[in-house]
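Here's a quick briefing to read with the model open beside you.

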Amino acid sequence: MTGRSTPHGEVERELAVLLRRARAWSRDVATEVHPDLQPAAYALLARVDELGSVRASDLCSYFGIDKGAISRQVGLLERVGLVIREPDPDDGRAQRVVVTAEGRKRLEHARSGRRRLMHDQLDQWPEEDVATLARLLGRFNRQMNAAVEGDHEGSG
């Protein structure tokens, strides 16, 4: 057995399909949050919402992109009223990015449709299969994160 006929090849193929769908979802959800948002800005907004408050330098590290790119994305999010910058209480020279009430409302509205679609599909599966999928995806993601982080440590 070679290529796609192997279990490894099938996993690779199915992950590629899932990633394509995730990119399309991100594009759709981004424009639902605000017509001017690109998926990168949506991802940044979602991360800020997840953390509650974050320094731009932490976003640079998380996304692996430079300060200028983060600054442009935060600037866009700020201009359309989805985030604000606040002084960092731990460092008077720094600022933290925070999602506004409007930003949170728009995020939740846009996410709810995607969640509903996913839940509707997973509700057709036995609960045990859903739990198994969650467990195996979690295991795979933790393993991939560890492998990627290990690569970065070795290359620096």
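## H34 and first bearings

H34 counts as buried because its relative accessibility is 13%; buried means under 20% relative accessible area, exposed over 50%, and partly exposed in between, with a 1.4 Å probe and protein chains only. This is a predicted model, where local features need pLDDT of at least 70 and side-chain atom pairs count only at pLDDT 80 or more, while totals for chains, interfaces and linings use all residues. Residues are numbered from 1 along each chain as its sequence is written, and side-chain values use heavy atoms, with hydrogens and water left out.

**More on H34**

- You'll find H34 in the loop between α1 and α2; helices (H or I, at least four residues) and strands (E, at least two) are DSSP runs, numbered from the N terminus.
- Not counting residues up to four places away in sequence, H34 touches V80, L82 and R106, where contact means heavy atoms within 4.5 Å.

**The largest pocket**

- The volume of the largest pocket is about 2,100 Å³.
- A pocket here is an open set of points on a 1 Å grid over the protein atoms alone, where a 1.4 Å probe fits, with protein on both sides within 12 Å along at least five of seven lines; lining residues have an atom within 4 Å of a point.
- Grid points are joined across faces, edges and corners, and the volume is the space filled by probe spheres set on the points.
- Its lining takes in 38 residues, and L15, L18, A22, L137 and N141 lie nearest the centre.
- α1 (7-33), α2 (39-51), α3 (56-63), α5 (101-122) and α6 (127-155) each put at least two residues into that lining, and α6 gives the most, with 11 residues.
- By type, the lining splits into 23 nonpolar, 8 polar and 7 charged residues; Ala, Val, Leu, Ile, Met, Phe, Trp, Tyr, Cys and Pro count as nonpolar, Asp, Glu, Lys and Arg as charged, and the others, Gly among them, as polar.

**The second largest pocket**

- The second largest pocket holds about 250 Å³ of space.
- Among the residues lining it are R55, K67, I70, V74, R85, R93 and A94.
- α3, α4 (67-79) and β3 (91-99) are the elements giving two or more residues to this lining.

**Helix α4**

- With 13 residues at 1.5 Å a residue, α4 should span 18 Å, and its end C-alpha atoms are 18 Å apart, so the two agree; the expected span is 1.5 Å times one less than the number of residues.
- A69, I70, V74, G75, L76 and L77 are the buried residues of α4, and what covers them includes α2, α3, β2 (83-88) and β3.
- D66 caps the N-terminal end of α4, with a side-chain oxygen 2.9 Å from the backbone nitrogen of G68.
- Just after α4, G81 takes a positive phi of about 80 degrees.

- A94 sits in strand β3 and is buried, with a relative accessible area of 11%.
- Leaving aside neighbours within four places in sequence, A94 is in contact with R55, E86, P87 and D88.
- A94 and L76 are 18 residues apart along the chain, and their C-alpha atoms are separated by 19 Å.
- I84 belongs to strand β2 and is partly exposed, with a relative accessible area of 37%.
- I84 touches E78, R96, V97, V98 and T100, not counting residues up to four places away in sequence.
- From I84 to Q95 it's 11 residues in sequence and 9.7 Å in space, C-alpha to C-alpha.

Technical notes:
A polar contact is a pair of N or O atoms within 3.5 Å; within protein, one must be able to donate a hydrogen and the other to accept it, and residues adjacent in sequence count only if both atoms are side-chain atoms.
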